[in-house]
Amino acid sequence: MYVQAADEWRATTVQACGMWPFAAGTGSPMVGVPLGRNILSGATLCADPISWFQHANLISNPSCFFLSKPGLGKSTVVRRMALGLMGYGVMPLVLGDLKPDYVDLIKAADGQVIELGRGRGRLNILDPGEATSAASRLTGKAREEVLADARGRRHTMVCALITILRSSPPSDREEAILDRAVRLLDDHHEGVPILRDLIELIEAAPEDLRQVAMDREDLERYRDVTEDLLVTLKGLLGTGRVGEMFSAPTTTPMRRDCPVVFDVSSIDDSDLALQGAVLMACWSYGFGAVKVANALADAGLEPRRHYFVILDELWRALRAGQGMVDRVDGLTRLNRQRGVGTAMISHTMSDLQALPSEADRMKARGFVERSGMVICGGLPAAEMPMLTQVVPFSQAEQDMLIGWQDPPAWDSQAGRETAPPGRGNFLIKVGGRPGIPVHVALTNLERSLNDTNKLWHETSRISAALDHAAVPS
Ligand SMILES: Nc1ncnc2c1ncn2[C@@H]1O[C@H](COP(=O)(O)OP(=O)(O)O)[C@@H](O)[C@H]1O
Ligand SMILES: [Mg+2]
């Protein structure tokens, strides 16, 4: 016997109460970007970190962390959020797109696409960006803060590059020397300095640096102390090395008044060190620009702009060397109250747990812990013990996540795999509350913008054309 399913309607509480006793409230918030339907109840779910923080007060800070196995739709749902938020006047900043996943979207929105890569575009890590010109429009504490922030970021970035090149962080003394050197460049250098200027400054052994180096008035000692540092810095410079992209003047300055994506997809996936370094450089530069925009808006000099900062493939930067977690933390920390939303995307907790030192692992877990919401797609069972340490998942929720990573079926008619069953399914967790399972269904417009397998389709189209040509007519 079949029982026909009842039709469902959505109505406001003012009208639906007349339907008593057939009305039921939905458990899903309706504030923010429409994501899809609740898998259990069918109710529409709207969610994005900025709306949930600012308008709905559902989360403690406007950030979200995405975890799932690759290919299940993380970048896609973040694109949906970015698209929806643009409708609310928020500007997405994609600080490093390795695939590229976001370039088409930002282009379609008339945003700025900045290409970085060997022989394509460069980002000078000693470039203070707009900070200098912003500082000249500001006064007092605001001015100090903008300058200090710019200095801190560039110092962090130089240290990060050294860390990547050496696979270990610079010593305390080296960090102190670099800090003072960046300060000296700011005060005395004409124009925007590049890495070569930093090297020349350290070689020139000015009194200030000798003091920080504690050379006890002995120039020979200074040379000994700075030798390793200079070797590493010079190692960054050569062509084909990691530093090549970062040691020449910036090719395209970033705009603050439109959506921006840094297209770094030309860097080969096997070049993990360079990928990590370039992501860090984009984050440093991008967060610096947000800081400047906020400072200018606070002073009433520019309109208040809201940004949605997207950090995809986070694990690549974290894995680029020991101590990188600290650098990432230093570069990406922002005043949470300013309407800047962030989305961090990684694969699994085991990626974060694979870091070499316990201190790094703890801090990497902290990224997840501190996020306002954690959004998980399909994950292997082995993840669960680690994940539940950070976010409490019920057994039923864990089973759901494990089910979503099942492999796709084989479509014998089409001769290829069907879509994975868990693609587009996500569980949204806010603190200890029950998770909200949602399926993100793409619109046609998104489908045309979302083709991350473009390269494959193009080759298959080409091979189809070749096959066609080979058929004798
Ligand atoms: N909700 C969805 N519905 C249909 N296809 C999707 C959906 N989400 C993702 N896809 C497709 O799945 C593929 C992988 O998605 P992507 O977002 O790049 O995954 P991830 O970032 O998790 O690796 C892409 O080709 C994308 O178009
Ligand atoms: Mg992705």
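Mentor: Two strands pair if DSSP finds at least two bridges between them. This is a predicted model, where local features need pLDDT of at least 70 and side-chain atom pairs count only at pLDDT 80 or more, while totals for chains, interfaces and linings use all residues. Residues are numbered from 1 along each chain as its sequence is written, with chains lettered from A and ligands numbered from 1 in the order in which they are written.

Trainee: So what makes β9 and strand β12 (residues 425-429) a pair?

Mentor: Three bridges join them, and they run antiparallel; the cut-off is at least two, so they pair. Cysteine 376 stands opposite leucine 427 in β12.

Trainee: And how do you know that strand β3 (residues 63-67) pairs with β9?

Mentor: There are four bridges here, with the strands parallel. Phenylalanine 66 has isoleucine 375 of β9 as its bridge partner.

Trainee: Why is β9 (residues 373-376) called covered on both faces?

Mentor: Met373 and Ile375 on one side are buried, and so are Val374 and Cys376 on the other. Buried means 20 or more other C-beta atoms within 10 Å of the residue's own, exposed means 12 or fewer, and partly exposed is in between; C-beta atoms are placed from the backbone.

Trainee: What makes the buried residues of α7 a single face?

Mentor: They are Glu174, Ile177, Leu178, Ala181 and Val182. Seen down the axis of α7, they fall within an arc of 135°, so they line one face of the helix. Asp172 and Asp187, on the other side, are exposed.

Note on methods: Helix = DSSP H or I, 4+ residues; strand = E, 2+ residues; numbered from the N terminus. Arc of directions from axis to C-beta.
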